[in-house]
Amino acid sequence: MSATKPFEIPKTEVWQAYLEVKSKGGAAGVDEQSLEAFEQDLKGNLYCIWNRMSSGTYFPPPVKTVLIPKKSGGTRVLGVPTVGDRIAQTVVKPVLEPIVEPVFDEDSYGYRPGRSAHDAIAVTRKRCWQYDWVVECDIRGLFDNINHDLLMKALRHHCQSRWVLLYVERWLKAPRQEPDGTRSERNQGTPQGVL
């Protein structure tokens, strides 16, 4: 007799998520575990992710903060999740993306499937021939200031999957680990590089 899990997440989804993460590569997170090290116990590691996610006991580890220098000076903060956490996030992606993708603005290009910076440039170039004016906006610190409650309210409006909502909220609240090793809780904002 097998115990039932509160969330039905097929093991094949975890496997597919792993293959996608593997194809993209990426740096190690706070645990310093590379993709190659993760693969040394691939079966056990993937089972652990599936078991925790399907039982509701998956809690993301802190997100590693990496400071990327900007050409214009200063730095941009990038959040680097662990390999296992990237796999867990990629399990959620095929469930969440088809729900929210249709409600995004047509002129939104960032972090969208099948869209790139080159697509945005092509549309901009085309519109330069149509209009005599340009409006440019840059919302400073946009990802650093997103209100978790409002984001979750909007997500609940479109998504009713309990396990997706549970894990998205946990990812939003996962602490940051700074380059000096200190950890800070997050009450707002999203770590860029996550989901």
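Which residues in H6 meet which residues in H7? In this predicted model, the H6 side of the contact is made up of His-148, Leu-151, Met-152, Leu-155 and Arg-156. Facing them from H7 are Leu-165, Val-168, Glu-169, Leu-172 and Lys-173. Sorted by class, the residues of this contact come out as six nonpolar, one polar and three charged.

As for the geometry of this pair, H6 spans residues 148-158, and its axis sits 11 Å from that of H7, at an angle of about 160°. Anything over 145 degrees counts as roughly antiparallel, so that is the label for H6 and H7. The crossing of H6 past H7 is right-handed.

H7 (residues 162-173) has another packing partner in helix H4, which covers residues 83-100. Here the axes are 10 Å apart and the angle is about 135°, which means that H4 runs oblique to H7. In this case the crossing is left-handed. On the H4 side, the contact draws on Asp-85, Ala-88, Gln-89, Val-91, Val-92, Val-95 and Leu-96; H7 answers with Trp-163, Val-164, Val-168 and Trp-171. The tally for this contact is nine nonpolar residues, one polar and one charged. Val-168 turns up in both stories: it belongs to the H7 residues that meet H4, and it is also listed among those that meet H6.

The side chain of Arg-112 makes a polar contact with the side chain of Glu-101, at 2.6 Å. Leaving aside residues up to four places away in sequence, Arg-112 touches Glu-101, Phe-104 and Asp-105.

Ser-54 belongs to helix H3, which runs over residues 42-55. With a relative accessible area of 1%, Ser-54 is buried too. What does its side chain reach at 3.4 Å? That would be the backbone oxygen of Asn-51. A polar atom of the Ser-54 side chain also lies 2.8 Å from the backbone oxygen of Trp-50. Beyond the residues up to four places away in sequence, the contacts of Ser-54 are with Lys-5, Pro-6, Phe-7 and Ile-9.

How values were computed
Residues numbered from 1 in each chain as written. Predicted model: local features only at pLDDT ≥ 70, side-chain atom pairs only at ≥ 80, totals over all residues. Heavy atoms only, no water. Axes fitted to C-alpha atoms, helices over the stretch in contact; angles between N-to-C directions. Helix = DSSP H or I, 4+ residues; strand = E, 2+ residues; numbered from the N terminus. Parallel < 35°, antiparallel > 145°, perpendicular 65-115°, else oblique. Left-handed = near helix turned anticlockwise from the far one by under 90°. Contact = heavy atoms within 4.5 Å. Nonpolar A, V, L, I, M, F, W, Y, C, P; charged D, E, K, R; others polar. Buried < 20%, exposed > 50% of the residue type's maximum accessible area, 1.4 Å probe, protein only. Polar contact = N/O pair within 3.5 Å; in protein donor to acceptor, adjacent residues only side chain to side chain.
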